[in-house]
Structures are given as C-alpha cells and as structure tokens.
Amino acid sequence: MAIVTRLTRLFGCEHPLQQAAMGGFTSPELAIAVGEAGALGMLTGTIGNDALRAQIDAVPVRAMVGVNFLVPFLDRAAVEAAADRCPLVEFFWGDPSIDLVEVVHAGGARAGWQVGSVAEARAAVDAGCDVVVAQGIEAGGHVRGTTGLLPLLDEVRAAVDVPVIASGGIGTGRAMAAALAAGADGVRVGTRFVAATESIAHPDYVDALIAATADDTVLTTAFGDGWPDAPHRVLRSAVIAGQALGSAQSWTPDWPTISHTGPVEARALYAGQSVGAVRRRQPAAAVIAELTEEAEAILLHDTN
C-alpha cells in the first residue's frame, strides 16, 4: 500500500517523507539518495550561491530535491537559483515573507516555511506558502517549536488548508504512522539521516548518536556563537565536553563533518528525541524503506 497524501500529490514523490536540511552540509549525495529513493531530499542554501548552484547541477533531472534557507543567513541570489531549478524552496527561522514567497513562485517552485506556532503557520499561508512544516520541541538541530509535535500539529491542521509536514522526534515507522494518522500530509526526518552512509557527519558523531537515547538530548543555546538566542537540541554530552574544555572550547553552531579536526565530542552534536531509533549506519534508501514499510503496515492494519 502506497501512502498517498496531499504532499505526494503536490510533488509527485512516492513517499510522504522529507529529509530535514542540514545547515552547512557541503555534499549533495544525501539529498540525491533520498530523492532517488522516492522521498523529498533537501539541500541547504546556507553554503552560498556558487556552491549551491554546483550542488544543484549534481542533482539528476528527475530526482526530487528541494532547498532550505535559513533566513538570518539568506543569499537572495541563491534563492532565485533554487527557485529556477528545484520543486521546493523552503525557509526557516524568520517571519514569513510575502516578498520571498513571490521570488520562489516567480521561479516556478513551490514555497514552504518551517514554523513553531499556529500564528507563524497562519502567517506563512498568508504570505502565499504552498507547504507548512510544523516543528515540535522534540526536533534536533535548531528548534522553533516550543510545544510537543502532536498538539502543535493538531492546532496547525485546524488553522491552515495547505499540506502540513510534521517535524520533530520522528525516527521510526510507528512515529511516522502516528503523525500521518494525526493529520500530517508528510513527515520530516533529520537525525536518522545524519547517520546515513551518504552523510558526511564525522564517524565519532555517528557513533555518539548510535549510543544515545532520547534522554541524552538537551535543548540549549550553548552553541550560539554567530547565531545567539537560537535554541537547539544536541546531545547533552557535547555541552558537558565543551564546558570541560573551558577557554579552549569553540561554541559555534557548526557540526563536525568527516574533515573535522579536534575534539568531536565537544562540537554541536545535533540530535532529536528520535535518536534512540539510530542503531547503525545504513543507506538513506534503507532508512526510507524501513520507515515507510512500517508506517504502511500500521496504517493498513488500522483501516482493516
């Protein structure tokens, strides 16, 4: 049974599943793998116009890959480039902007906004967005939401009439099924993909994710150099390790890639409360198959 939702119909993708974009991610392999597996892969626009254009050039024509932009670090030329060549251009961490949405639509793409409240969801739709991502406080990385995903999702679905993607703490097929049953048109998955074989996360980072449970994450503003007052969920051990380094610690929001040198354990090890579902490193296609097959089985069983 294929799960068909407003999201799959809007973009023509096979699965109602979106990979969370990762700021500073300098390789398109993960997004391409997700798109080729039938879900919605995402690139990050925070790498700048030239680097983003090179990544878009690497995406096969039929691969379903969009671009996410962080509003505080916006490159308008990169937004225009993404809108010309990708099916979805999405924004995060800023007030929904009619101007930006018009730029996206002028390029022929759909516009999305990740939000953390009902008011922000309404503002996104009023600005002309085609898709809203409702982010609960369970999410890893930078967190806009202040309440749990399911209560937020319920309120957002009642307030807007565009496809809504559920984001935060989704790492299993059971969690995916729960979000879809609660009214989501798709789900957004991040932490599981950090540990994908196509990810460029440092192996020590991946090992830390594999060893962690939901209780091992914490919402903090510790890694805020250059982006202050922006709450983010990381492994608690990263904060403790950074504090132990004292004045030698760097509290930038950059997460450790395979090229990182220095103490990985003291970097921004982003992780959502779904981290307990990370048990091994596996291809992105295997992650997608695991989640969608389990979700399909649960939803099919519930309808019989």
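I count helices (H or I, at least four residues) and strands (E, at least two) as DSSP runs, numbered from the N terminus. The model is predicted: I use local features only at pLDDT of at least 70 and side-chain atom pairs only at pLDDT 80 or more, while totals for chains, interfaces and linings use all residues. Residues are numbered from 1 along each chain as its sequence is written, and side-chain values use heavy atoms, with hydrogens and water left out.

**Entry: cavity**

I searched the whole structure and found one cavity of 30 Å³ or more. On a 1 Å grid over the protein atoms alone, a cavity is a set of points where a 1.4 Å probe fits but cannot get out, and lining residues have an atom within 4 Å of a point. The volume of the largest cavity is about 60 Å³; a volume is the space filled by probe spheres set on the points, which are joined across faces, edges and corners. Which element gives the most to its lining? I find that β2 does, with three residues. Among the lining residues I note Met22, Phe25, Leu30 and Gln55. The lining has six nonpolar, four polar and no charged residues. For these classes, Ala, Val, Leu, Ile, Met, Phe, Trp, Tyr, Cys and Pro are nonpolar, Asp, Glu, Lys and Arg are charged, and the others, Gly among them, are polar.

**Entry: pocket**

I then looked up the largest pocket, an open set of points with protein on both sides within 12 Å along at least five of seven lines. The largest pocket holds about 780 Å³ of space. Its lining counts 38 residues, and Ala21, Met22, Gly23, Gly141 and His142 lie nearest the centre. By class I record 16 nonpolar, 19 polar and three charged residues in this lining.

**Entry: two helices**

I checked α4 (residues 76–85) against α5 (residues 98–107): their axes come within 7 Å and cross at roughly 40°. Axes are lines fitted to C-alpha atoms, for helices over the stretch in contact, and angles run from 0 to 180 degrees between N-to-C directions. On the α4 side the contact (heavy atoms within 4.5 Å) includes Val79 and Ala83, and on the α5 side Leu100 and Val103.

**Entry: aromatic pair**

I count eight aromatic pairs, meaning rings of Phe, Tyr and Trp (its six-membered ring) with centres within 6.5 Å; planes under 30 degrees apart are stacked, over 60 edge-to-face and the rest tilted. Why is the pair of Trp93 and Trp227 edge-to-face? The ring centres are 5.7 Å apart and the planes stand at 85°, so the pair falls in that class. Trp93 and Trp227 are 134 residues apart and link distant parts of the chain.
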